[in-house]
Amino acid sequence: MRDRKDRMSMYSGLEVRVPFCDHRIVEYAYNMPWAFKALDGREKGVVRKAFEAMLPEEIVWRKKSPYPKTFHPVYTRLCADYVRRIFADSESIASALFDHAAVEALMERPESLAEPWYGQLMRTPQIFAYIVQLDRWFKQYKVRLA
């Protein structure tokens, strides 16, 4: 996220601060129990609770707007094609982590995802993009499963 934020803001001549991207906060949040992260059944529940006395209610409890979010059919197709290449790669860790039949079913009918992924607005294209991101991250950092 910071890389995209940096590229987009600098292109526009802006300097953007992202206080929650501090590595110590990210590490702490990563290791936090899920019950805290989804406190009160809401994404970012613990952050919402922490700031509810300091921010207006409409800010604290507004619906999350995921980033990136696109529903363009070309984006969906491009991501799906990339996932197919990942699944064809016998060395891919990401390929080993996903149910190929379930992902292929989403590729055939992207609109069939009944509920948004992770309780957000994220749908099928973002699932494909997530698989792509994992694959690239695993390869860049030479991750191996033990």
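Guide: Contact here means heavy atoms within 4.5 Å. This is a predicted model, in which local features need pLDDT of at least 70, side-chain atom pairs count only at pLDDT 80 or more, and totals for chains, interfaces and linings use all residues. Residues are numbered from 1 along each chain as its sequence is written, and side-chain values use heavy atoms, with hydrogens and water left out.

Visitor: Which residues is Ile131 in contact with, leaving aside neighbours within four places in sequence?

Guide: They are Val83, Ile86, Phe87, Ala94, Phe98 and Val103.

Visitor: Why is Ser95 called buried?

Guide: Buried means under 20% relative accessible area, exposed over 50%, and partly exposed in between (1.4 Å probe, protein chains only). Ser95 has 8% relative accessibility, so Ser95 counts as buried. Not counting residues up to four places away in sequence, Ser95 touches Ile86, Phe87, Asp89 and His100.

Visitor: Why is Val47 called partly exposed?

Guide: The relative accessible area of Val47 is 35%, so Val47 counts as partly exposed. Val47 lies in helix 4, residues 45-51; a helix is a DSSP run of H or I with at least four residues, numbered from the N terminus.

Visitor: What makes a nonpolar core?

Guide: A nonpolar core is a set of buried Ala, Val, Leu, Ile, Met, Phe, Trp, Tyr and Cys residues joined through side-chain atoms within 4.5 Å. In the largest one, with 18 residues, Val83, Val103, Phe128 and Ile131 touch the most other members. Helix 6 (73-88), helix 7 (93-97), helix 8 (100-108) and helix 9 (124-140) each supply at least two residues of this core. Helix 9 gives the largest share, seven residues.
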